[in-house]
Amino acid sequence: MAAAPEPGEPGKGKPFKLLGILDVENTPCARDSVLYGSLGSVVAGLGHFLLTSRIRRSCDVGVGGFILVTLGCWFHCRYNYAKLRIQERLAREGIKNKILYESTHLDPARKQTNGGSSGN
């Protein structure tokens, strides 16, 4: 049996697109947002139905719950994803600078150790 392709790799099958525009498999946060939105839809619609016994209005509340929960999860996840990407970029630049300036006269760690011992 062959291993399943990774989420970033092109697969043999057709990718799943939500409403024809959102590639759920390859877009970060899309899968979780849609799953949480569908759960929010069921909870909101069923909860409203149990409280009021109005079917049409409960369906409307379910659709509204889906939209609100999906968008809320989407923005929260994308915000955290962007923060993580910025932190990764800063760490990558720091490692690159550490490798580039290590044991040269521009090395900040070397200046700190030499500055304290030159007070004789």
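**Ground rules.** I call a residue buried under 20% relative accessible area, exposed over 50%, and partly exposed in between, with a 1.4 Å probe and protein chains only. Helices (H or I, at least four residues) and strands (E, at least two) are DSSP runs, numbered from the N terminus. This is a predicted model, in which local features need pLDDT of at least 70 and side-chain atom pairs count only at pLDDT 80 or more, while totals for chains, interfaces and linings use all residues. Residues are numbered from 1 along each chain as its sequence is written, and side-chain values use heavy atoms, with hydrogens and water left out.

**Overview.** I started with the secondary structure and found 3 helices and 2 strands. Along the sequence they run β-β-α-α-α. The protein has 120 residues, and 12% of them count as buried. I noted an accessible surface of about 10000 Å², with 63% of it belonging to carbon and sulfur atoms; these areas come from the Shrake-Rupley method with a 1.4 Å probe, and for residues only the protein chains shown count as cover. I then turned to contacts, meaning heavy atoms within 4.5 Å. Among contacts with a separation of 6 or more, residues 24 or more positions apart account for 41%.

**Helix α1.** I checked the length against the expected span, which is 1.5 Å times one less than the number of residues. With 23 residues, α1 reaches 32 Å from its first C-alpha to its last, close to the expected 33 Å. Its buried residues are A30, S33, G37, G40, G45 and H48. After α1 comes S53, with a positive phi near 60 degrees.

**Helix α2.** I repeated the check here: the 47 residues of α2 should span 69 Å, and the end C-alpha atoms are 68 Å apart, which agrees. Which residues of α2 are buried? I listed S58, G62, G65 and T70. The cover over these buried residues includes α1. S103 follows α2, and its phi is positive, near 60 degrees.

**A closer look at T70.** T70 lies in helix α2 and is buried at a relative accessible area of 15%. Leaving out residues up to four places away in sequence, I found T70 touching S33 and G37. Both S33 and G37 are on my list of buried residues in α1. I also looked for polar contacts, which are pairs of N or O atoms within 3.5 Å; within protein, one must be able to donate a hydrogen and the other to accept it, and residues adjacent in sequence count only if both atoms are side-chain atoms. A polar atom of the T70 side chain lies 2.6 Å from the backbone oxygen of F66.

**Cysteines.** I counted a disulfide wherever a pair of cysteine sulfur atoms came within 2.5 Å, and the total was 1. C29 and C77 form it, with their sulfur atoms 2.1 Å apart. The link of C29 and C77 is left-handed, with -70 degrees about the S-S bond. C29 lies in the loop between β2 (22-23) and α1 (30-52) and C77 in helix α2, so the pair ties together parts that are 48 residues apart in sequence. C29 is buried at 12% relative accessibility, whereas C77 is partly exposed at 25%. C73 is partly exposed at 23%, and C59 is partly exposed at 48%.

**Salt bridges.** My last search was for a side-chain nitrogen of Lys or Arg within 4 Å of a carboxyl oxygen of Asp or Glu. How many salt bridges turned up? The count is 2.

- D32 pairs with R31, the closest N and O atoms being 3.8 Å apart. D32 is partly exposed at 40% relative accessibility, and R31 is exposed at 53%.
- E93 pairs with R89, the closest N and O atoms being 3.9 Å apart. Both E93 and R89 lie in helix α2 (residues 55-101), 4 residues apart, about one turn of the helix. E93 is partly exposed at 37%, and R89 is partly exposed at 41%.
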